[in-house]
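Here is a friendly walk through one chain, taken a piece at a time. Have the sequence and the coordinates at hand as you read.

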Amino acid sequence: MLSKDFYTNIFIIRHGTPKYPRDKDGRRLIYGSEVSLSEVGKQQAKDIAQRLPRLEKIYSSTYRRAMQTAKIIARSHTISPIISVPELVDIIARGSIGFPLDDILAGIIIPPQLQNDETMKDVEKRTIPAFRKILSEARGTSIAIIGHGHGIRLIAYRLIEKRK
C-alpha cells in the first residue's frame with residue numbers, strides 16, 4: 001500500500017475576474033497589483049470554493065486579486081493563514097500599465113517603457129522554483145495555488161512535460 005506522502009492533490013487556480021480599469025473609450029487597460037476582484041470574480045471564487053474537496057493549505061500570489069480569491073476559498077475551507085508567495089505574482093509590466101490591453105496584444109502600441117517589463121523567461125525563473133518549493137512543503141496534502149495566467153500556464157506546461 002502507498003503511503004499518504006505519496007499523493008499530493010494540487011489545484012492550480014487563476015484568480016477571479018478583476019475590475020478592469022478602462023479608458024474613456026471603454027477599452028480595458030493593462031493593470032497592476034492593486035486591482036480588485038469584480039463582483040463576477042468574487043462569485044467565481046465562491047463557486048470554485050464549493051467545488052473543491054477539503055483543502056489543507058492555500059498558497060497565493062501577493063497581488064490583491066489573487067489574495068481576494070484565496071481568502072474567499074480559505075473561508076469556505078476554514079484555512080488560516082494563507083501562505084503568501086511573492087514569486088507567484090503576475091508578469092511585471094510596469095511600463096505597460098495604463099495602455100490599452102488589446103492594442104498592446106495586437107502590436108498596435110508598443111510603449112517605450114516596455115523594455116522594463118518582464119519576459120516570460122523572467123516569470124519562469126521565479127515561478128518554477130517557487131512551485132517546486134511549494135510541492136516539497138506540501139507533500140502528502142491537498143493544496144490550492146492561486147495565481148495568474150502566465151505563471152499558471154508555465155506550471156501546467158512543466159507538469160505535462162514531466163509526465164511525458
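Let us begin with Ser60, which is buried, its relative accessible area being 0%. Here buried stands for under 20% relative accessible area, exposed for over 50%, and partly exposed for what lies in between, with a 1.4 Å probe and protein chains only. Ser60 belongs to strand β2 (residues 57-60); helices (H or I, at least four residues) and strands (E, at least two) are DSSP runs, numbered from the N terminus.

Which residues does Ser60 touch, not counting residues up to four places away in sequence? They are Ala66, Met67, Ala70, Ile82, Ile83, Ser84, Val85, Leu88 and Ile146, where contact means heavy atoms within 4.5 Å.

## A note on the model

This is a predicted model, in which local features need pLDDT of at least 70 and side-chain atom pairs count only at pLDDT 80 or more, while totals for chains, interfaces and linings use all residues. Residues are numbered from 1 along each chain as its sequence is written, and side-chain values use heavy atoms, with hydrogens and water left out.

## The strands and their partners

Two strands pair if DSSP finds at least two bridges between them. Strand β2 runs parallel to β4, joined to it by four bridges, and Ile146 in β4 is the bridge partner of Ser60. β2 also pairs in the parallel sense with strand β3 (residues 83-84), over two bridges; there, Tyr59 has Ile83 in β3 as its bridge partner. A further parallel pairing, over six bridges, is that of β1 with β4, where Ile10 stands opposite Ile143.

How many of the six residues of strand β4 (residues 142-147) are buried? Six of the six are, so the strand is largely enclosed by the rest of the structure. Ser142, Ala144 and Ile146 point one way from β4, while Ile143, Ile145 and Gly147 point the other way.

## Helix α1, face by face

Helix α1 (residues 39-51) has 13 residues, which at 1.5 Å a residue should span 18 Å; the end C-alpha atoms are 19 Å apart, in agreement. The expected span is 1.5 Å times one less than the number of residues.

The buried residues of α1 are Gly41, Ala45 and Ala49. Viewed down the helix axis, these buried residues fall within an arc of 80°, so they line one face of α1; the arc is that of the directions from the helix axis to the C-beta atoms. An α-helix has 3.6 residues a turn, so residues three or four places apart point the same way. Part of what covers the buried residues of α1 is α2 (64-77). On the face turned away from the buried side, α1 carries the exposed residues Glu39, Val40, Gln50 and Arg51.

## An aromatic pair and a charge

Rings of Phe, Tyr and Trp (its six-membered ring) pair if their centres lie within 6.5 Å; planes under 30 degrees apart count as stacked, over 60 as edge-to-face and the rest as tilted. The count by this rule is one aromatic pair. The ring centres of Tyr20 and Tyr31 are 5.7 Å apart and the planes stand at 70°, so this pair is edge-to-face. Tyr20 and Tyr31, 11 residues apart, both lie in the loop between β1 (9-14) and α1.

Tyr20 is partly exposed, at 23% relative accessible area, and Tyr31 is buried, at 18%. Arg28 lies over the face of Tyr20, 4.5 Å from the ring centre; such a charge needs NZ of Lys or CZ of Arg within 6 Å of the ring centre and within 35 degrees of the ring normal.
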